[in-house]
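Trainee: I am new to this structure, and I would like to understand how each description of it is reached. Could we go through it together, step by step?

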Amino acid sequence: MSRYLWQPERHALGIEAMDRTHAECLALARALEECPQDQLAPRFAELIGHTEAHFAAEEARMQASACPSTPEHQAEHRRVLGDLRRFASSLARGRPAMLRAYLAEGFAEWLEQHVATMDAALAAHLKDCGES
């Protein structure tokens, strides 16, 4: 069973835009699991683009609401985007094995942990500020 299936009891944070974005991220990652080699680069580029937009939207909400954990959260976003871009570069050089391994374990674990910790804290902060 895919580790990239939306499960409300595990992933829902109660902020509609965040939940929708996380569900989309999971769907994009799930599509990469069985992706044929000739489709891997363009589909991975979609995931990177989505992740860039996802992080930018979260960071804008953090800034607008004066979220106290903004610096740490942004640093984590930068780290993950750096990882994704390095995997894209490796893929462009014809080396997909590391990306496939990362998608099988690393990204799934990171996403699960990030949603449960940093994003859950952001969602609680946003709710305290009256957002939903």
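Trainee: Which backbone oxygen does the side chain of Thr51 reach, and at what distance?

Mentor: Keep in mind first that this is a predicted model. In it, the side chain of Thr51 reaches the backbone oxygen of Leu47, and the distance is 2.7 Å.

Trainee: Where is Thr51, and what makes it buried or exposed?

Mentor: Thr51 belongs to helix H3. Its relative accessible area is 2%, and because buried means under 20%, Thr51 is called buried. Leaving aside neighbours within four places in sequence, Thr51 is in contact with Leu81 and Leu84.

Trainee: Why are H3 and H4 called roughly antiparallel?

Mentor: The axes of helix H3, residues 37–64, and helix H4, residues 70–92, cross at roughly 165° and come within 10 Å. Angles over 145 degrees count as roughly antiparallel, and H3 and H4 are therefore described in that way. The contact is made by residues including Leu40, Phe44, Ile48, Thr51 and Phe55 of H3, together with His77, Leu81, Leu84 and Phe87 among those of H4. Sorted by class, the contact of H3 with H4 has twelve nonpolar, seven polar and four charged residues. As for its hand, H3 passes H4 in a left-handed crossing.

Trainee: What about H2 and H3, and why are they described as roughly antiparallel?

Mentor: The axes of helix H2, residues 16–33, and H3 come within 10 Å and cross at roughly 165°. With the cut-off for roughly antiparallel set at over 145 degrees, H2 and H3 are therefore roughly antiparallel to each other. H2 passes H3 in a left-handed crossing. Among the residues that make the contact are Met18, Cys25, Leu28 and Leu32 of H2, and Leu40, Phe44, Leu47 and His54 of H3. By class, the contact of H2 with H3 has ten nonpolar, four polar and five charged residues.

Trainee: How do you know that H4 and H5 are roughly antiparallel?

Mentor: The axes of H4 and helix H5, residues 97–128, cross at roughly 165° and come within 12 Å. Since angles over 145 degrees count as roughly antiparallel, H4 and H5 are therefore given that description. H4 passes H5 in a left-handed crossing. Residues in H4 including Glu76, Arg79, Val80 and Leu84 meet residues in H5 including Tyr102, Trp110, His114 and Met118. By class, the contact of H4 with H5 has eleven nonpolar, three polar and five charged residues.

Trainee: What makes Glu76 count as buried?

Mentor: Glu76, which lies in helix H4, has a relative accessible area of 18%. Buried means under 20%, and Glu76 is therefore buried. Not counting residues up to four places away in sequence, Glu76 touches Trp110, His114 and Met118.

Trainee: How do you know that the side chains of Glu76 and Trp110 make a polar contact?

Mentor: The side chains of Glu76 and Trp110 are joined at 2.6 Å, and the limit for a polar contact is 3.5 Å. The pair is listed as a polar contact at that distance.

Trainee: Why is Arg79 called partly exposed?

Mentor: Arg79, also found in helix H4, has a relative accessibility of 40%. Partly exposed covers the range between buried, under 20%, and exposed, over 50%, and Arg79 is therefore partly exposed. Leaving aside neighbours within four places in sequence, Arg79 is in contact with Arg86 and Trp110.

Trainee: What makes the phi of Ala66 worth a remark?

Mentor: Most residues other than glycine have a negative phi. Ala66 is not a glycine, and yet its phi is positive, at about 55°. Ala66 is placed in the loop between H3 and H4. Its relative accessibility is 59%, and because exposed means over 50%, Ala66 counts as exposed.

Note on methods: Residues are numbered from 1 along each chain as its sequence is written. This is a predicted model: local features need pLDDT of at least 70, side-chain atom pairs count only at pLDDT 80 or more; totals for chains, interfaces and linings use all residues. Side-chain values use heavy atoms; hydrogens and water are left out. Axes are lines fitted to C-alpha atoms, for helices over the stretch in contact, and angles run from 0 to 180 degrees between N-to-C directions. Helices (H or I, at least four residues) and strands (E, at least two) are DSSP runs, numbered from the N terminus. Angles under 35 degrees count as roughly parallel, over 145 as roughly antiparallel, 65 to 115 as roughly perpendicular and the rest as oblique. A crossing is left-handed if the near helix is turned anticlockwise from the far one by less than a right angle, and right-handed if clockwise. Contact means heavy atoms within 4.5 Å. Ala, Val, Leu, Ile, Met, Phe, Trp, Tyr, Cys and Pro count as nonpolar, Asp, Glu, Lys and Arg as charged, and the others, Gly among them, as polar. Buried means under 20% relative accessible area, exposed over 50%, partly exposed in between (1.4 Å probe, protein chains only). A polar contact is a pair of N or O atoms within 3.5 Å; within protein, one must be able to donate a hydrogen and the other to accept it, and residues adjacent in sequence count only if both atoms are side-chain atoms.
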